[in-house]
Amino acid sequence: MSRPAEGAGAARPAAAQADRGAARPFLARNLVPLLLFAGLLVLPWLASALGQSFLVSFATRVMIYALAAMSLDLILGYGAMVSFGHAAFIGIGAYAIGIASDEGLGEGLLAFPLAVGAASLFALVTGAVSLRTRGVYFIMITLAFGQMAFFTAMSLSAYGGDDGLTIWGRSEIFGARWLRSNRSFYFFVLGLLAASYLVCRAIVASRFGRVLQAARQSPSRVAALGFNPYAYQLVAYVIAGGLAGLAGALLANQTEFVSPAYMSWHRSGDLIVMVILGGMGSLHGAILGAIVYLGLEEALSHVTEHWRLVFGPFLVAVVLFARGGLLSFLPGRYRNG
């Protein structure tokens with residue numbers, strides 16, 4: 001019988017130890033998103049056990065805005081593009097669903113791509129102009145485009161104008177109305193949020209994502225290396241617009257109503273606050289920020305009608321003492337994922 005090679009016995013424990021060492025950082029990086037999605041997964045059963053069925057509808061709304069906040073974080077946290085017109089994409093996605101339903105198109109497999117495509121096209125056209133500017137000028141021009149979309153929606157008298165548009169039933173999937181149930185719709189939204197999160201993570205981890213982050217630091221150096229920062233930023237802007245359009249399509253289905261208010265600059269400001277609150281440059285930070293922001297808003301509004309007097313100082317304290325958002329309270333290995 002042949003003997004094992006010298007040192008082979010010691011190599012195996014060393015390799016196993018290396019595998020365990022690699023697994024620990026992986027778990028650390030993914031612990032927060034795993035906990036977030038696990039909590040969202042079990043929430044419907046928890047709500048049933050507590051007899052609080054409204055939690056399912058509220059959590060659905062939170063996840064929709066988490067998707068929108070995550071799309072904004074893709075360009076804000078990783079590309080330093082401070083857009084004050086991001087809510088326009090939500091509104092366009094919502095109106096695409098509303099108008100399609102009003103015209104007799106209730107099939108979600110057609111209406112949802114239409115919503116994403118319309119928002120992406122608007123992002124392409126406006127982003128091509130906006131990205132020619134920098135800093136406060138970029139903020140102002142995105143705000144201007146957002147207000148243009150807002151007032152255009154208000155002038156659509158054929159589709160409700162400033163009164164909004166009622167949708168008579170949620171979208172169908174393969175002709176079936178299984179999204180009519182709040183629980184089924186909840187898991188549908190959760191699945192799309194999880195899929196969008198994985199797609200965004202893949203984008204950030206790719207060469208495209210690395211170039212985008214490098215362009216945030218120094219566009220001139222990126223250009224010197226042979227990359228076109230403008231093209232990368234525009235593609236990221238279009239992707240973010242499409243994801244926000246998807247969030248708008250889901251919001252229209254949940255509320256069964258579309259309003260120009262979805263496009264207001266106040267809503268864009270809310271999304272920016274969610275991203276900053278959770279932690280910019282961390283996709284699950286945007287999800288956490290949406291959960292905390294809307295959760296506190298809901299809780300405080302039941303305590304006092306002047307809840308903003310409490311909520312405002314809380315946001316100021318986060319900005320002053322938690323520069324990296326709520327994730328900054330965690331050890332460094334748990335923040336990014």
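How many helices and strands are there in the protein? I counted 12 helices and two strands, where helices (H or I, at least four residues) and strands (E, at least two) are DSSP runs, numbered from the N terminus.

I noted that this is a predicted model, in which local features need pLDDT of at least 70 and side-chain atom pairs pLDDT 80 or more, while totals for chains, interfaces and linings use all residues. Residues are numbered from 1 along each chain as its sequence is written, and side-chain values use heavy atoms, without hydrogens and water.

Entry: From the N terminus on, I read the elements as α-α-α-α-α-β-α-α-α-α-β-α-α-α. I then looked up burial: 46% of the 337 residues count as buried. Buried means under 20% relative accessible area, exposed over 50%, and partly exposed in between (1.4 Å probe, protein chains only).

**Entry: Ser120.** I located Ser120 in helix H4 (residues 108–130). Is Ser120 buried or exposed? Ser120 counts as buried because its relative accessibility is 16%. A polar atom of the Ser120 side chain lies 2.8 Å from the backbone oxygen of Val116. Leaving aside residues up to four places away in sequence, I found that Ser120 touches Val238 and Gly242; contact means heavy atoms within 4.5 Å.

**Entry: contacts across the chain.** Among contacts between residues at least 6 apart in sequence, I recorded that 78% join residues at least 24 apart.

**Entry: Val42.** I found Val42 in helix H1 (residues 8–50). Val42 counts as partly exposed because its relative accessibility is 46%.

Notes
Polar contact = N/O pair within 3.5 Å; in protein donor to acceptor, adjacent residues only side chain to side chain.
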